[in-house]
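Open the model in your viewer and keep the selection tool at hand. The stops below say what to select and what is there.

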Amino acid sequence: MAPTSASAATPLVPQGFAQACAPRPGLVAHCLTLFKKQPRTNKTAAVPDGLGATDLRAAYQLPATPGPGSTVAVAIAYHSLNLESDLAAYRSQYGLPACTSASGCLKVENQDGNATPLPDNDPGWEVEESLDVSMISASCPTCHILVVEAKTPSLDDLAAAGRVTAGKGAKVVSNSYGLNESGATQAYASAYDQPGHQVVVSTGDAGFTAASFPANGANVIAVGGTELTKSGSARGFDESAWLYGGGGCSAYVDKPARQHDPNCSMRTTADVSAAGDNIAMYNQNQGGWLTIGGTSASAPFIAGMYGQANDNATVDKLYQHPEVFNDITTGTNDPLGHGRKCGNDYLCTAQPGYDGPTGVGTPKGLTAF
């Protein structure tokens with residue numbers, strides 16, 4: 001996809017896509033979802049455009065008969081008016097069991113941990129919320145889903161929402177938002193360092209740039225994005241780094257002991273990756289089926305894998321089992337320079353072993369989770 005024109009203040013956006021949540025000044029996060037409406041309404045289409053749950057489960061070798069999952073939480077801003085019906089449409093399309101509020105599978109609370117009052121609605125963040133619960137459903141059809149809605153996308157409110165999840169029985173917390181790291185963002189780092197919980201965060205959708213907060217956290221699971229396409233290969237899919245997938249070298253967070261890459265003396269993002277382009281999802285507010293790009297898709301999908309594994313694996317475990325990952329060796333996350341921005345270095349160009357755009361690679365089953 002060709003990039004549109006951009007300024008330093010506006011992240012690049014793939015041709016034909018729109019940002020669900022535009023960046024805002026100050027300590028305010030934006031959701032990391034790009035979307036376009038599909039060329040037909042698709043409300044009655046047999047197969048929506050883009051990769052669905054069936055494709056993703058096959059690509060990442062998830063079990064045909066999922067075992068019991070745990071509760072996966074989503075920390076997000078604002079309220080989605082159609083969340084349950086959007087989720088029902090997605091799960092029905094791909095033959096996944098229903099997950100409803102009546103059954104207790106789906107719960108929505110505010111940042112104080114109460115069922116009411118819920119925040120105001122925002123159409124852009126509503127797309128993000130529907131995407132998050134759909135991707136968790138794709139990787140863990142048996143997981144319960146807790147959505148905690150912050151009043152606003154300020155770091156004050158989002159951090160409060162994230163803290164609430166820890167006391168609600170959710171081992172896994174998915175965060176599909178971010179902003180460039182700074183000294184000011186680091187004041188909120190403790191909200192994303194939750195021992196005994198797996199905090200999963202999107203790395204961003206602006207390619208190789210300043211590290212994104214909270215993906216730069218020392219103990220979070222930072223998830224990059226790939227471009228996954230069906231092919232005639234033995235795997236049935238080809239996969240490369242997604243041109244717009246976030247990644248960077250932190251200026252504020254020390255290098256974790258698990259990382260040994262040579263050209264960033266501080267924390268490098270990403271840790272792991274999954275499909276972040278050409279994803280099918282349903283959102284009633286936008287007219288039906290959409291095609292999504294964004295690490296906002298890959299992060300909740302990985303969060304669902306942690307929920308399906310139902311273990312207490314830390315981010316360190318990802319680095320201990322290279323054999324259970326697809327090593328992504330092609331592509332770059334440098335939209336303007338196509339690798340020249342970092343001299344074709346591993347920090348922005350996929351290569352054998354660890355690299356910045358895709359981390360340790362993409363999953364082959366649940367072993368590392």
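Select helix 2 and helix 3 of this predicted model: helix 2 passes helix 3 in a right-handed crossing. Two packed helices are described by the angle between their axes and the distance between the axes. Here helix 2 covers residues 83–93 and helix 3 covers residues 123–139; their axes come within 9 Å and cross at roughly 40°.

Now show the side chains where the two helices meet. On helix 2, pick Leu83, Asp86, Leu87, Tyr90 and Arg91; on helix 3, their partners are Glu129, Ser130, Val133, Ser134, Met135, Ser137 and Ala138. Sorted by class, this contact has six nonpolar, three polar and three charged residues.

Next, select helix 5, residues 295–309, and in that helix Met305. Is Met305 buried or exposed? Met305 counts as buried, because its relative accessible area is 0%. Apart from neighbours within four places in sequence, Met305 is in contact with Leu62, Ser139, Pro363, Gly365, Leu366 and Phe369.

Stay with helix 5 as a whole. Of its 15 residues, 14 are buried. At 1.5 Å a residue, helix 5 should span 21 Å, and its end C-alpha atoms are 21 Å apart, so the two values agree. Just after helix 5, select Asn310, which takes a positive phi of about 55°.

For the next stop, go to the loop between strand 16 (279–283) and strand 17 (288–293) and select Gln286. Gln286 has a relative accessible area of 16% and is buried. Beyond its neighbours within four places in sequence, Gln286 is in contact with Phe35, Lys37 and Val127.

The last stops are salt bridges. Side chains of opposite charge can pair when their charged atoms come close. The count for this model comes to seven salt bridges.

- Select Lys168 and Glu109, whose side chains meet at 3.2 Å, N to O. Lys168 is in the loop between helix 4 (155–166) and strand 7 (172–175), while Glu109 is in strand 5, 59 residues apart. Lys168 is partly exposed at 36% relative accessibility, and Glu109 is buried at 13%.
- Select Arg235 and Glu239, which form a salt bridge at 2.9 Å, N to O. Arg235 is partly exposed at 26%, whereas Glu239 is buried at 11%.
- Select Asp271 and Arg258, which form a salt bridge at 3.8 Å, N to O. Asp271 is buried at 0% relative accessibility, and Arg258 is buried at 10%.

Notes. Residues numbered from 1 in each chain as written. Predicted model: local features only at pLDDT ≥ 70, side-chain atom pairs only at ≥ 80, totals over all residues. Heavy atoms only, no water. Axes fitted to C-alpha atoms, helices over the stretch in contact; angles between N-to-C directions. Helix = DSSP H or I, 4+ residues; strand = E, 2+ residues; numbered from the N terminus. Left-handed = near helix turned anticlockwise from the far one by under 90°. Contact = heavy atoms within 4.5 Å. Nonpolar A, V, L, I, M, F, W, Y, C, P; charged D, E, K, R; others polar. Buried < 20%, exposed > 50% of the residue type's maximum accessible area, 1.4 Å probe, protein only. Expected span 1.5 Å × (residues − 1). Salt bridge = Lys/Arg side-chain N within 4 Å of Asp/Glu carboxyl O.
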